[in-house]
Amino acid sequence: MKLKPLFDRVVLLPEEEKETKGGIILPTATAEKSQIARVVAVGNGKTFDGKDVGMLVSEGDRVLFNKYSGTEITIDDVKHIVIRQADILAVIE
Amino acid sequence: MKLKPLFDRVVLLPEEEKETKGGIILPTATAEKSQIARVVAVGNGKTFDGKDVGMLVSEGDRVLFNKYSGTEITIDDVKHIVIRQADILAVIE
Amino acid sequence: MKLKPLFDRVVLLPEEEKETKGGIILPTATAEKSQIARVVAVGNGKTFDGKDVGMLVSEGDRVLFNKYSGTEITIDDVKHIVIRQADILAVIE
Amino acid sequence: MKLKPLFDRVVLLPEEEKETKGGIILPTATAEKSQIARVVAVGNGKTFDGKDVGMLVSEGDRVLFNKYSGTEITIDDVKHIVIRQADILAVIE
Amino acid sequence: MKLKPLFDRVVLLPEEEKETKGGIILPTATAEKSQIARVVAVGNGKTFDGKDVGMLVSEGDRVLFNKYSGTEITIDDVKHIVIRQADILAVIE
Amino acid sequence: MKLKPLFDRVVLLPEEEKETKGGIILPTATAEKSQIARVVAVGNGKTFDGKDVGMLVSEGDRVLFNKYSGTEITIDDVKHIVIRQADILAVIE
Amino acid sequence: MKLKPLFDRVVLLPEEEKETKGGIILPTATAEKSQIARVVAVGNGKTFDGKDVGMLVSEGDRVLFNKYSGTEITIDDVKHIVIRQADILAVIE
């Protein structure tokens, strides 16, 4: 089963808090609204009014995103986020 | 009897909550504002100011949409949603 | 006597509530903000800043519109609505 | 003495309430925010950012406008309204 | 000493209330937010994002403007208004 | 040490209140939100979305600006303002 | 480990308050919302709707930015800021 996001939206699989803390980047206490996730599906890269921005992230990318953006959904019992590309802050390389 | 939505609007037939729970994707408790529906009619794919975005969804598609968007109507005693295409998050494949 | 709406506006003659209930489509209890009307006059299809969107509805069309949009006026003692085309949700075929 | 409105503005001479009641169109009790007036001067038909929309109304037209729009002024002791063309709902023919 | 307004701004010298009352146009009691002034300096007619709208008013024009717009300044002890051209309602001819 | 403002921003050195009072232009009591300053650095004249508006002010110009706009910073113990060009009302000639 | 910001975003390494006070520029008490940082990564210079503004700052630049903008993150235990280029006020030369 697969989700195909519309427009410039992206489906993200957020990393567990614990996992993140053992990693390298994590949100500061004062800025706990950003988070880390893995990209699992990308849209066609067009904005709502038809401008072709292109997708700057690809499936498998590890990204930093704004926690207060997007919509949470559950796929096969796992929490995912559907978010607009512009709410992804950066790709972690 | 048929509805022909204007502009980039779509008519959706929401899935029953029960039916959804037996399915694969369902909104999490903390994000109950997204939902699943079947597309039953699509507009001409133009935005309100005349830009041709095209319709990215087709009749029969199963989609994930934002519950707080759109307008509820009743067709032949069944609840439907009229929504703008940009408020559909993803197609479920 | 006739009204000629400016821009992409439309003059609607709303159906009586009773009449609607005997028909096929009616707003649900939880979404009583949409309504059904007959189109009686249409504008020139241009938006306020001069873009030519065209009129997607014609005189005589039966349409579903958002009750909270538009302005009520009385023509020959009958309540009418002047509304922008973008606030018409769908044509009923 | 004459007013030359700037941009897409129009100067209106509102009809007396009494006069209107004896006429054919009048606002309903629940929608008393629209009104009837005579056009006495028109602008050059350009929007604030220079788009040429053209004037859709002419001097002498009888129009329906939104009462809450525009600015009231007094010319030779008579109340007038300066309003943007987009706030005129329709021409009465 | 002279002010050269930026963009589509205009410098106005408001008429005294008394002087206005003896004149022909004056704001009504219920709409005392419009006023009359003399244009003393004009900008280059471009909007903030570089569109060339042109100046529709010239030095010396008597204009009707919206009192709640613009910024008051004092030049040689006399109150002036710096206002955007779009907040001038009409030229008085 | 020098600041190079980004986009259409300008760095201003505000005049002392006292100095201003002895000058020719000063804000009125009722409109104390405008102020006078000297331009000390200018940006490249492009807006945030890349439109080339050009810089209408130059280093050394004496300008009138809106006090509530911009950000105060201290350079070598002297208060300066970083402001967008569109918040400068006029050049004083 | 490296962050690659999306669109016109920039990753900043803010200077310590103490370090800043010994420097040349620092925010005034009344305007403590601006700050100084070093640029450590830049995006591709396109805005969210695909306009190519270009990056006006480069890695290593010392910049003045608006403290209330952007999102704080922690990289290798050091606080960083992810910010849009338009929220950088000026480059310090």
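**View 1. Phe7(A) is tucked away inside this predicted model.** Phe48(A) is another story, at 26% relative accessibility, so Phe48(A) is called partly exposed.

**View 2. In chain E, Phe7(E) and Phe48(E) meet edge-to-face.** The ring centres of Phe7(E) and Phe48(E) are 5.2 Å apart and the planes sit at 75 degrees, which is why the pair gets the edge-to-face label. Where do Phe7(E) and Phe48(E) lie in chain E? Phe7(E) is in the loop between strand 1 (3-5) and strand 2 (9-14), while Phe48(E) is in the loop between strand 4 (34-42) and strand 5 (62-66). These parts are 41 residues apart in sequence, so the pair ties them together. Buried or exposed, what is Phe7(E)? Phe7(E) is buried, with 2% relative accessible area, and Phe48(E) is partly exposed at 26%.

**View 3. Back in chain A, here is one of the aromatic pairs.** Count over all chains and you get seven aromatic pairs. Among them is the edge-to-face pair of Phe7(A) and Phe48(A), with 5.1 Å from centre to centre and 75 degrees between the planes. This pair links distant parts of chain A, 41 residues apart: Phe7(A) belongs to the loop between strand 1 (3-5) and strand 2 (9-14), and Phe48(A) to the loop between strand 4 (34-42) and strand 5 (62-66).

**View 4. In chain C, a charge sits over a ring.** Look at Arg84(C): its charged end is over the ring of Phe48(C), 3.7 Å from the ring's centre.

**View 5. In chain F, Arg84(F) sits over Phe48(F).** Here the charged end of Arg84(F) is 3.7 Å from the centre of the Phe48(F) ring.

Notes:
Residues numbered from 1 in each chain as written. Chains lettered and ligands numbered in written order. Predicted model: local features only at pLDDT ≥ 70, side-chain atom pairs only at ≥ 80, totals over all residues. Heavy atoms only, no water. Phe/Tyr/Trp six-rings, centres within 6.5 Å; stacked < 30°, edge-to-face > 60°. Helix = DSSP H or I, 4+ residues; strand = E, 2+ residues; numbered from the N terminus. Buried < 20%, exposed > 50% of the residue type's maximum accessible area, 1.4 Å probe, protein only. Lys NZ or Arg CZ within 6 Å of the ring centre and 35° of its normal.
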